[in-house]
Amino acid sequence: MRSIELVLDDPSDAVVRTLWQTLVAAELPSLGHSGTNDPHVTLAAGETLPVPTGFDTALPAELRVAGVLLFPAGPGRHVLGLGVVVDEPLARFHQAVHRAAPGSLDPAAPGRWAPHVTLARRIRDVDLPAALRALTAARPLPEVLTVGALRHWDGQAKVVTHLP
(Lines give C-alpha, C1' and ligand atoms only; values in the text may rest on other atoms or scores of the structure.)
Protein backbone atom coordinates (compact mmCIF):
# COMPACT_ATOMS: atom_id res chain seq x y z
CA MET A 1 0.00 0.00 0.00
CA ARG A 2 1.11 3.55 -0.75
CA SER A 3 -0.14 6.73 0.87
CA ILE A 4 0.24 10.49 0.86
CA GLU A 5 0.26 11.87 4.39
CA LEU A 6 0.36 15.13 6.28
CA VAL A 7 2.89 14.83 9.10
CA LEU A 8 2.86 17.10 12.12
CA ASP A 9 5.43 19.62 13.28
CA ASP A 10 7.53 18.68 16.31
CA PRO A 11 5.27 20.18 19.03
CA SER A 12 2.09 18.64 17.58
CA ASP A 13 3.88 15.33 17.00
CA ALA A 14 4.85 15.37 20.70
CA VAL A 15 1.23 16.02 21.74
CA VAL A 16 0.02 12.96 19.83
CA ARG A 17 2.88 10.80 21.11
CA THR A 18 1.90 11.84 24.65
CA LEU A 19 -1.64 10.62 23.95
CA TRP A 20 -0.22 7.34 22.64
CA GLN A 21 1.85 6.94 25.81
CA THR A 22 -1.17 7.76 27.97
CA LEU A 23 -2.94 4.76 26.43
CA VAL A 24 0.17 2.61 26.88
CA ALA A 25 0.35 3.59 30.57
CA ALA A 26 -3.31 2.60 30.95
CA GLU A 27 -2.42 -0.81 29.45
CA LEU A 28 -4.60 -0.19 26.41
CA PRO A 29 -3.92 -0.60 22.69
CA SER A 30 -1.97 2.34 21.29
CA LEU A 31 0.24 3.23 18.34
CA GLY A 32 2.76 4.01 21.08
CA HIS A 33 3.47 0.28 21.19
CA SER A 34 4.64 0.17 17.55
CA GLY A 35 7.73 2.35 17.80
CA THR A 36 7.83 2.81 14.01
CA ASN A 37 4.82 5.00 13.28
CA ASP A 38 4.69 8.79 13.05
CA PRO A 39 1.53 10.75 13.83
CA HIS A 40 -0.05 11.68 10.50
CA VAL A 41 -3.24 12.27 8.53
CA THR A 42 -3.62 10.12 5.42
CA LEU A 43 -4.82 12.14 2.40
CA ALA A 44 -4.79 9.33 -0.18
CA ALA A 45 -3.99 5.61 -0.17
CA GLY A 46 -3.81 2.97 -2.87
CA GLU A 47 -1.76 0.14 -4.33
CA THR A 48 -0.42 2.20 -7.26
CA LEU A 49 -0.50 5.74 -5.86
CA PRO A 50 2.26 7.67 -7.66
CA VAL A 51 4.69 10.13 -6.10
CA PRO A 52 3.25 13.51 -7.13
CA THR A 53 5.54 16.20 -8.49
CA GLY A 54 3.60 19.21 -7.26
CA PHE A 55 0.26 20.59 -6.17
CA ASP A 56 -1.87 23.49 -7.39
CA THR A 57 -2.97 24.40 -3.85
CA ALA A 58 -1.02 25.36 -0.74
CA LEU A 59 -0.42 22.89 2.07
CA PRO A 60 -2.73 23.65 5.01
CA ALA A 61 -0.91 25.11 8.01
CA GLU A 62 -3.16 23.75 10.74
CA LEU A 63 -5.60 20.95 11.41
CA ARG A 64 -8.53 21.61 13.73
CA VAL A 65 -9.31 18.65 15.95
CA ALA A 66 -12.99 17.64 15.95
CA GLY A 67 -12.75 15.30 18.95
CA VAL A 68 -12.50 11.53 19.27
CA LEU A 69 -13.41 9.47 16.22
CA LEU A 70 -14.18 5.74 15.97
CA PHE A 71 -14.09 3.42 12.95
CA PRO A 72 -15.24 -0.22 13.00
CA ALA A 73 -12.28 -2.63 13.02
CA GLY A 74 -13.95 -6.01 13.21
CA PRO A 75 -16.37 -7.53 15.69
CA GLY A 76 -16.15 -5.79 19.05
CA ARG A 77 -13.22 -3.59 18.02
CA HIS A 78 -12.59 -0.08 16.73
CA VAL A 79 -9.89 2.27 15.48
CA LEU A 80 -9.65 5.18 17.92
CA GLY A 81 -8.44 8.51 16.59
CA LEU A 82 -8.58 12.27 16.73
CA GLY A 83 -11.02 13.45 14.09
CA VAL A 84 -9.92 16.37 11.93
CA VAL A 85 -12.30 19.08 10.68
CA VAL A 86 -12.45 19.28 6.88
CA ASP A 87 -12.24 23.06 6.59
CA GLU A 88 -11.79 24.89 3.29
CA PRO A 89 -7.93 24.86 3.17
CA LEU A 90 -7.81 21.14 4.00
CA ALA A 91 -10.59 20.27 1.53
CA ARG A 92 -8.86 22.22 -1.28
CA PHE A 93 -5.51 20.55 -0.58
CA HIS A 94 -7.10 17.10 -0.34
CA GLN A 95 -8.66 17.59 -3.79
CA ALA A 96 -5.30 18.82 -5.14
CA VAL A 97 -3.61 15.65 -3.87
CA HIS A 98 -6.15 13.51 -5.70
CA ARG A 99 -5.65 15.50 -8.92
CA ALA A 100 -1.85 15.16 -8.67
CA ALA A 101 -1.81 11.50 -7.59
CA PRO A 102 -4.78 9.55 -8.97
CA GLY A 103 -5.45 5.98 -7.92
CA SER A 104 -6.56 6.30 -4.32
CA LEU A 105 -8.97 3.87 -2.74
CA ASP A 106 -12.56 5.07 -2.41
CA PRO A 107 -12.60 5.71 1.38
CA ALA A 108 -9.94 8.41 0.91
CA ALA A 109 -11.75 10.10 -1.99
CA PRO A 110 -13.04 13.65 -1.66
CA GLY A 111 -16.54 13.54 -0.20
CA ARG A 112 -15.98 10.15 1.48
CA TRP A 113 -12.82 10.88 3.47
CA ALA A 114 -12.78 11.04 7.27
CA PRO A 115 -9.41 12.60 8.17
CA HIS A 116 -7.97 11.58 11.51
CA VAL A 117 -4.82 10.94 13.50
CA THR A 118 -4.90 7.34 14.69
CA LEU A 119 -4.37 6.76 18.41
CA ALA A 120 -5.11 3.01 18.61
CA ARG A 121 -6.05 0.22 16.22
CA ARG A 122 -8.39 -2.64 17.10
CA ILE A 123 -9.18 -1.39 20.60
CA ARG A 124 -11.89 -3.52 22.18
CA ASP A 125 -15.29 -1.90 22.59
CA VAL A 126 -15.24 -2.76 26.31
CA ASP A 127 -12.00 -0.74 26.66
CA LEU A 128 -13.32 2.43 25.02
CA PRO A 129 -14.63 4.03 28.25
CA ALA A 130 -11.24 3.48 29.93
CA ALA A 131 -9.45 4.91 26.90
CA LEU A 132 -11.60 8.04 26.91
CA ARG A 133 -11.06 8.51 30.65
CA ALA A 134 -7.30 8.10 30.23
CA LEU A 135 -7.11 10.50 27.28
CA THR A 136 -9.06 13.28 28.99
CA ALA A 137 -7.98 12.83 32.64
CA ALA A 138 -4.74 14.81 32.65
CA ARG A 139 -5.43 17.47 30.02
CA PRO A 140 -7.98 18.41 27.37
CA LEU A 141 -7.54 16.98 23.89
CA PRO A 142 -5.70 19.33 21.54
CA GLU A 143 -7.82 21.81 19.60
CA VAL A 144 -5.30 22.39 16.79
CA LEU A 145 -2.41 20.40 15.35
CA THR A 146 0.18 22.09 13.16
CA VAL A 147 1.22 20.56 9.85
CA GLY A 148 4.96 20.08 9.49
CA ALA A 149 5.41 18.39 6.12
CA LEU A 150 3.98 16.14 3.44
CA ARG A 151 5.25 12.70 2.49
CA HIS A 152 4.58 9.76 0.19
CA TRP A 153 4.90 6.37 1.91
CA ASP A 154 5.52 3.19 -0.08
CA GLY A 155 4.70 0.44 2.41
CA GLN A 156 5.94 -2.39 0.21
CA ALA A 157 9.37 -0.86 -0.44
CA LYS A 158 9.42 0.84 3.01
CA VAL A 159 10.42 4.14 1.37
CA VAL A 160 9.41 7.64 2.49
CA THR A 161 9.59 10.40 -0.11
CA HIS A 162 9.32 13.92 1.29
CA LEU A 163 7.15 16.08 -0.94
CA PRO A 164 7.51 19.81 -1.68
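**Close-up 1. Leu 70 lies in strand 3, which spans residues 62–72.** Strands (E, at least two residues) and helices (H or I, at least four) are DSSP runs numbered from the N terminus. The model is predicted: local features need pLDDT of at least 70, side-chain atom pairs count only at pLDDT 80 or more, and totals for chains, interfaces and linings use all residues. Residues are numbered from 1 along each chain as its sequence is written, and side-chain values use heavy atoms, without hydrogens and water. Leu 70 counts as partly exposed because its relative accessibility is 40% (buried is under 20% relative accessible area, exposed over 50%, partly exposed in between; 1.4 Å probe, protein chains only).

**Close-up 2. One aromatic pair is found in a search of the whole structure.** Phe 55 and Phe 93 form this tilted pair, with 5.1 Å centre to centre and 55° between the planes (ring centres of Phe, Tyr or Trp, the last by its six-membered ring, within 6.5 Å; planes under 30 degrees apart are stacked, over 60 edge-to-face, the rest tilted). The pair links distant parts of the chain, 38 residues apart: Phe 55 is in the loop between strand 2 (40–46) and strand 3, and Phe 93 is in helix 2 (residues 88–100). Phe 93 is buried, at a relative accessible area of 1%.

**Close-up 3. His 78 is placed in strand 4, residues 77–84.** Beyond its neighbours within four places in sequence, His 78 is in contact with residues including Leu 70, Phe 71, Ile 123 and Asp 125 (contact means heavy atoms within 4.5 Å).
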